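Student: I've got a model open and I'd like to work through it with you. Can we take it bit by bit?

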Amino acid sequence: MTMPDEGLSPVVRVIAAMLFPFILIFSLYVILHGHLTPGGGFQGGAIGASAVVMLIVAYGARWVESKAGEESVSVLESLGGLMFVVTGLLGFLLAATFLSNFLVGEVLFGEIPTFGSNPGILNTGGTLPLLNIAVGLKVIGGLASVVLIMALGSRRDAA
Amino acid sequence: MINNVPFFAVMLLIAIGLYTILFKRNLIKIAMGIVIVEAGVNLFLITLGYREGGLAPIYTHLPSGVEIPGGLVLPVPQALTLTSIVIGVAILALILSFVVRIYRHYETLDSRNIRRLKE
Amino acid sequence: MRKIAALVFLVFVAFLLYGAYEMRDFGRPPSDMDDYIIENSQNETGANNAVTAVVFDYRGYDTLGEATVLFTAVAGVMAMFRRRDDHA
């Protein structure tokens, strides 16, 4: 059996393709539960970016670029930054200051948990889940596009 | 205090990283030294915020009988460390891409041979 | 030159170890601000996780600056590795 010119053997490829959705789901779980459990936007984003890095190692940078180019990955990052700034500006418009937590006490994400130990309700945290999602998108896009660009640019024939 | 063992560990990490930065010639090893210094600084922030026997400052399923706030570690140094880790990753990516460019231009990683800027 | 660097390095390491020796006790930090945050983060932000409350609410500007640093690093790496043949 001949090895492909980029990436690893078919065994590794199949296992990587099977693991990829589970790693993405775990990353989404860490991002969405950032205000309840250990984790948050940065950690979950790093997990999601590591899933993309696994694909780059298993399949080669060319293949990943043909599926999702570096421009579309970095659009994800810009989207996250835009969402962060828009949430901050909404706090400026609807409440007192930039980035103020204007959703506490409202219907969406506004529930205030009982003081002390509690089982954790997803519908709490005010703007924190939104900011977590924004930063998660930003970190996934940023780290994945950095690794993709470095893998594409440091091949022997790239020069 | 001589039993400040974590602080001594932090200082030794920073010293190892500084040694690598000052006395090694290979650019990759210098980048490794920068990362080791950064790990030492992160560990320093975490040890500054540790409270003896403290749990993580998260209320979800907190065991009953933990006194609040005395039984939880400090959250602000942990948040600063989170910031510092992400900035460290960004800096490492920039350093490595500089190293790749330097290697392509000079065909070497030895910092003694990369002197053309001086002349 | 190398001997001077070694001397400066040894003095600095001695300073670091002396600093660790003179540091306050490990495990008993002064904590007025952190006690306030631990006690009030649930009421003020609605989040169970005090670290997330600090990162995104009390120190939100810090996180915005950090996002800017990440963006700048990605832009720098992209500029460094841009291929010459396309989008010129």
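This is a predicted model: local features need pLDDT of at least 70, side-chain atom pairs count only at pLDDT 80 or more; totals for chains, interfaces and linings use all residues.

Student: Which residue of chain B meets Asp35(C) in a salt bridge?

Tutor: The rule finds two salt bridges across the interface of chain B and chain C. In the one with Asp35(C), the N to O distance is 3.2 Å, and the cut-off is 4 Å. The partner of Asp35(C) is Arg51(B).

Student: How much of the area buried between chain B and chain C do carbon and sulfur atoms give?

Tutor: The contact takes 47 residues from chain B and 44 residues from chain C. Between them, about 4,300 Å² is buried. The share from carbon and sulfur atoms is 72%.

Student: And which element gives the largest share of the side of chain B that touches chain C?

Tutor: There are 13 residue pairs in polar contact across that interface, both residues at pLDDT 80 or more. On the chain B side, helix H1 (5–23), H2 and H3 give two or more residues each. The largest share, 18 residues, comes from H3(B).

Student: Let's switch to chain A and chain C. How much area is buried there?

Tutor: Here the contact takes 43 residues from chain A and 28 residues from chain C. Carbon and sulfur atoms give 65% of the buried area. The total is about 2,900 Å².

Student: Which residues of chain A lose the most area to chain C?

Tutor: Three residues of chain A stand out for this. Together they make up 18% of what that side buries. They are Phe42(A), Leu128(A) and Ile149(A).

Student: Is Val57(A) buried, partly exposed or exposed?

Tutor: Val57(A) lies in helix H2 (residues 41–59) of chain A. It belongs to a nonpolar surface patch that also includes Leu8(A), Ile15(A) and Met18(A), with about 680 Å² of accessible area for the whole patch. Helix H1 (residues 10–32) gives the most to that patch, with six residues. Because its relative accessibility is 49%, Val57(A) counts as partly exposed.

Student: Leu99(A) has a positive phi, near 65 degrees. Is that residue buried or exposed?

Tutor: Leu99(A) is in the loop between helix H4 (70–94) and helix H5 (128–153) of chain A. Buried means under 20% relative accessible area. Leu99(A) has 8%, so it is buried.

Student: His61(B) isn't a glycine but has a positive phi too, about 55 degrees. Buried or exposed?

Tutor: His61(B) lies in the loop between H2 and H3 of chain B. The cut-off for exposed is over 50%. With a relative accessible area of 60%, His61(B) is therefore exposed.

Student: Last one: which residue does a cis peptide bond join to Pro69(B)?

Tutor: Pro69(B) sits in the loop between helix H2 (27–48) and helix H3 (75–106) of chain B. Omega for the cis bond is about 0 degrees. The residue joined to Pro69(B) is Ile68(B).

Methods
Residues are numbered from 1 along each chain as its sequence is written. Chains are lettered from A and ligands numbered from 1 in the order in which they are written. Side-chain values use heavy atoms; hydrogens and water are left out. Patches are made of residues with over 30% relative accessible area and no salt bridge: like charges are joined within 9 Å, nonpolar side chains (Val, Leu, Ile, Met, Phe, Trp, Tyr) within 5 Å. Accessible areas come from the Shrake-Rupley method with a 1.4 Å probe; for residues, only the protein chains shown count as cover. A salt bridge is a side-chain nitrogen of Lys or Arg within 4 Å of a carboxyl oxygen of Asp or Glu. Helices (H or I, at least four residues) and strands (E, at least two) are DSSP runs, numbered from the N terminus. Buried means under 20% relative accessible area, exposed over 50%, partly exposed in between (1.4 Å probe, protein chains only). Contact means heavy atoms within 4.5 Å. Buried area is the accessible area (1.4 Å probe) that two parts lose on being put together, summed over both. A polar contact is a pair of N or O atoms within 3.5 Å; within protein, one must be able to donate a hydrogen and the other to accept it, and residues adjacent in sequence count only if both atoms are side-chain atoms.
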